[in-house]
Every structure is written in C-alpha cells, then in structure tokens.
Amino acid sequence: MKLKKLTRNEFAKKIADAMVEPLDAENPDPQDNGYNWGLAHAELLFAGVEVETIKEMQSRLMNKREDR
C-alpha cells in the first residue's frame, strides 16, 4: 500500500466524501451520526484544534439539542 500525504483541503474533501447522508435528516440513525461526528472531529484535529476544545464544542451542541 502506498501512502499519499494530503493537504488540509484534500483531507477535508475526503472527509466530506466519506460522511454518511442520513435517510431521515430529522431523525438520523445514531450510528451514522456518531460516524459523521468522528469524521468531523478528525478534520478539526488535522486542522490543529485541541482535543479539549472539540469536547467543549460537542458538549455545548448536545446541551443546545436537549434545550429544544
């Protein structure tokens, strides 16, 4: 297997291509949702975002969802 170094933009494109489109956008499958969050977090890590920042962002998003 030959590995290729990717630029940030190339990596972001591959992440976007790998994400799963939910069948029901209002009620996505938890596994699909978790998979997509993992990909999005990988992209943020590649961009240099700290793990703690990602965890804080995720926590805030989950709290907003619960408030609805």
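This passage describes the overall fold, the surface and selected residues of a predicted model.

The chain contains three helices and zero strands, and the order of elements along the sequence is α-α-α. The radius of gyration is 14 Å, well over the 11 Å that the globule rule gives for 68 residues, so the chain is more spread out than a compact globule. Along its principal axes, the C-alpha trace spans about 45 × 30 × 20 Å. Of the 68 residues, 10% count as buried, and the accessible surface comes to about 6,000 Å², with 54% of that area belonging to carbon and sulfur atoms. Among the contacts in the chain with a separation of 6 or more, 39% are accounted for by residues 24 or more positions apart.

The C-alpha atom of A16 is separated by 11 Å from that of W37, a residue 21 positions away along the chain. N36, by contrast, is located in helix α2, which covers residues 30-46, and counts as buried because its relative accessibility of 14% falls under the 20% cut-off. When neighbours within four places in sequence are left aside, N36 is in contact with M19 and V20.

In one of them, the side chains of K4 and E10 meet with an N to O distance of 3.8 Å; K4 is exposed, with a relative accessible area of 60%, whereas E10, at 31% relative accessibility, counts as partly exposed.

Another salt bridge joins the side chains of D17 and K13 at 3.0 Å, N to O. Because D17 and K13 are four residues apart in helix α1, they are separated by about one helical turn, and both residues are exposed. A salt bridge is also formed by R60 with E56, whose closest N and O atoms are 3.7 Å apart. R60 and E56 both lie in helix α3, which covers residues 51-67, and are four residues apart, about one turn of the helix. Within this pair, R60 is exposed at a relative accessible area of 52%, while E56 is partly exposed at 41%.

Key:
Residues are numbered from 1 along each chain as its sequence is written. This is a predicted model: local features need pLDDT of at least 70, side-chain atom pairs count only at pLDDT 80 or more; totals for chains, interfaces and linings use all residues. Side-chain values use heavy atoms; hydrogens and water are left out. Helices (H or I, at least four residues) and strands (E, at least two) are DSSP runs, numbered from the N terminus. Buried means under 20% relative accessible area, exposed over 50%, partly exposed in between (1.4 Å probe, protein chains only). Contact means heavy atoms within 4.5 Å. The radius of gyration is taken over C-alpha atoms; the globule rule is 2.2 Å times the number of residues to the power 0.38. Accessible areas come from the Shrake-Rupley method with a 1.4 Å probe; for residues, only the protein chains shown count as cover. A salt bridge is a side-chain nitrogen of Lys or Arg within 4 Å of a carboxyl oxygen of Asp or Glu.
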